[in-house]
Amino acid sequence: MQFIAFIIIFGVIVLVHEFGHFYFAKKSGILVREFAIGMGPKIFAHVGKDGTAYTIRILPLGGYVRMAGWGEDTTEIKTGTPVSLTLNPEGTVVRINLSGKNIDQTALPMNVTDFDFENKLEITGIVIEETKTYPVHHDATIVEEDGTAVRIAPLDVQYQNASIWGRLITNFAGPMNNFILSIVVYSLLAFMRGGAVDYYSNHVQVVPQGVVAKAGLKDNDQIVQI
């Protein structure tokens with residue numbers, strides 16, 4: 001039970017902390033590529049309309065917010081990597097599948113030789129023994145090797161291109177949320193306990209079956225004479 005309580009409490013703390021980063025990153029125009037609860041292999045994933053992949057991972061310890069251009073967030077595709085491309089009617093790539101899973105029956109197979117998902121927004125590779133280059137949509141999705149679908153990260157939605165104020169509040173929001181959480185929790189605990197004990201009050205609070213209860217005193221009786 002202590003271990004379960006630790007997992008729940010730690011999970012709430014992490015969730016509140018990471019939500020602070022998540023919320024203010026979005027307000028600052030930074031793309032949040034993934035909001036994860038837990039660590040390790042994913043057991044659930046959902047891509048929202050906001051472009052964020054919401055995932056639950058198998059180890060219930062921690063969590064993270066994956067912001068475009070923050071920390072070690074990069075997209076790596078080695079030369080010669082086989083991918084499948086989903087194109088829209090205009091011939092623009094809207095999904096790059098690195099997982100090897102057959103997601104789209106009409107996808108175009110390619111062996112990548114070069115790509116730029118930050119500035120030029122294009123991908124180049126060998127298609128049926130011919131080198132071709134395709135434009136990539138600004139909001140295209142990349143399905144990573146573990147099957148997690150996240151948005152690509154053009155420069156205009158990366159962390160370093162947000163305003164100074166936006167970056168400051170995004171960094172500070174996590175600890176700030178934990179500070180607010182502690183105030184809320186301790187306030188609730190104080191109210192649940194009925195407030196602080198006032199030893200100068202002359203109103204008696206009687207313990208059931210105690211000595212003064214047996215003597216006939218009740219709650220809120222006052223001692224007027226000794």
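Two strands count as paired if DSSP finds at least two bridges between them. Keep that in mind for the sheet part of this talk. One caution before the details: this is a predicted model.

Let's start with strand β7, residues 130–143. What does β7 pair with? Take β4 to begin with. Strand β4 covers residues 93–97, and four bridges join it to β7. Those two strands run parallel. Look at valine 93: it stands opposite valine 136 in β7.

Now β6, residues 122–127. β6 pairs with β7 over six bridges, in the antiparallel sense. For a landmark, find glutamate 122. Its bridge partner in β7 is proline 135. β6 and β7 form a hairpin with two residues between the strands. Isoleucine 128 in that hairpin has a positive phi, near 50°.

Next partner: β8, residues 149–151. Three bridges join β8 to β7, and the pair runs antiparallel. Here isoleucine 142 stands opposite valine 150 in β8. This hairpin has five residues between the strands. Glycine 147 takes a positive phi there, near 95°.

Which residues of α1 are buried? Ile7, Val14, Glu18, Gly20, His21, Phe22 and Ala25. Note the glutamate on that list, Glu18. And what do the buried residues pack against? Strand β1 (32–47), strand β2 (53–67) and helix α2.

That brings us to the helix pair. Two packed helices are described by the angle between their axes and the distance between those axes. For α1, residues 2–27, and α2, residues 164–192, the angle is about 145°. The axes lie 7 Å apart. α1 passes α2 in a right-handed crossing.

Who touches whom? On the α1 side, the contact includes Val12, Ile13, Val16, Phe19 and Phe24. On the α2 side, look for Ile169, Ala173, Pro175, Met176 and Leu181, among others. Gly20 of α1 and Gly174 of α2 are also in the contact. By class, the contact has eleven nonpolar residues, eight polar and no charged ones.

So much for the tour. Two places to look on screen: β7 with its partner β6, and α1 where it crosses α2.

Conventions. Residues numbered from 1 in each chain as written. Predicted model: local features only at pLDDT ≥ 70, side-chain atom pairs only at ≥ 80, totals over all residues. Heavy atoms only, no water. Axes fitted to C-alpha atoms, helices over the stretch in contact; angles between N-to-C directions. Left-handed = near helix turned anticlockwise from the far one by under 90°. Contact = heavy atoms within 4.5 Å. Nonpolar A, V, L, I, M, F, W, Y, C, P; charged D, E, K, R; others polar. Buried < 20%, exposed > 50% of the residue type's maximum accessible area, 1.4 Å probe, protein only.
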